[in-house]
Amino acid sequence: MATKENKVDKISVNTLKEIIKAEKSDENTINYKVGDNQVNIMVKNCIDKDDKVRFVRDVSNGCFADDEYVPYYREELFKIAVLEYFTNIKTDTADTMLFDLVNNTNIYNQVVNEIPADTIDDLAILVDDVIEWYKQEILAVQKQKLDAATEDMAKALEQMGELIDALNAMTKSFEGVDPKEILKVYSKLADKDEDEIAKSVIKLNFDNKEITNVSDFLGDD
């Protein structure tokens, strides 16, 4: 005889919301001494999805300058973002002051000790993943530009080869031509651009036309 499986009660949505709310509302307070005064720094133990996205975006975007990755910025910006998104410390101030705050005081270390390690680790992984994606995107764009430049150069070299062949053929055709006529050619060439010269030379080569005077090359009537 088959036995009924024990029924497990599901946790309700309202209960889940209460759990999440309780976790989000959990804050610690650091009493930081400044001379004879005391500053209360409030530290969250987690941040919501939107703040997590902004956290990762701020850090990863700040690590690039003119499409170049600057590794030094990564650690500093990460620390500043922790203070911005997890504490009540005002971060919309001069960058130099923020860098001094995370590097020349022990505030960051005290703050990060109040945040679950796996939360910080997860954010670090996300930041590094996005940075790597940005780097690959930049490399892909640079490769596209390099490929395009290489292709343009190959076409230019091919055209140059055709022009050289045509010039060699033209040189042979100048044999027996009056030197004065040749001087007229060079004089006329000074008034033409590179495209016009190339077209004239190549056309003569393709037509296999023998040059007897300057008008044959320059197309003069």
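This briefing describes selected features of the structure shown above. The structure is a predicted model, in which local features need pLDDT of at least 70 and side-chain atom pairs count only at pLDDT 80 or more, while totals for chains, interfaces and linings use all residues. Residues are numbered from 1 along each chain as its sequence is written, and side-chain values use heavy atoms, with hydrogens and water left out. Helices (DSSP runs of H or I, at least four residues) and strands (DSSP runs of E, at least two) are numbered from the N terminus.

- Strands β1 and β2 run antiparallel and are joined by eight bridges; two strands count as paired if DSSP finds at least two bridges between them.
- Within this pairing, N28 stands opposite V43 in β2.
- Two residues lie between the strands of this hairpin, where G35 takes a positive phi near 65 degrees.

**The largest nonpolar core**

- A nonpolar core is a set of buried Ala, Val, Leu, Ile, Met, Phe, Trp, Tyr and Cys residues joined through side-chain atoms within 4.5 Å. Buried means under 20% relative accessible area, exposed means over 50%, and partly exposed lies in between (1.4 Å probe, protein chains only).
- The largest such core has 33 residues, of which I41, F55, F78, V82, F86 and V111 touch the most other members.
- Two or more residues of this core come from each of β1 (27–34), β2 (37–44), α2 (49–62), α3 (71–86), α4 (95–104), α5 and α6 (117–173).
- Helix α3 gives the most to this core, with eight residues.
- Apart from its neighbours within four places in sequence, F78 is in contact (heavy atoms within 4.5 Å) with F55, V59, Y108, I120, L123, A124 and V127.

**The loop between β3 and β4**

- Most residues other than glycine have a negative phi.
- D66, although not a glycine, has a positive phi of about 55 degrees. Its place is in the loop between β3 (64–65) and β4 (68–69), and D66 counts as exposed because its relative accessibility is 77%.
- D67 is also placed in the loop between β3 and β4. This residue, which is not a glycine, has a positive phi of about 60 degrees, and D67 is exposed, with a relative accessible area of 53%.

**N109 in helix α5**

- N109 belongs to helix α5 (residues 107–112) and counts as partly exposed, at 45% relative accessibility.
- N109 and K79 are 30 residues apart along the chain, and 9.3 Å separates their C-alpha atoms.
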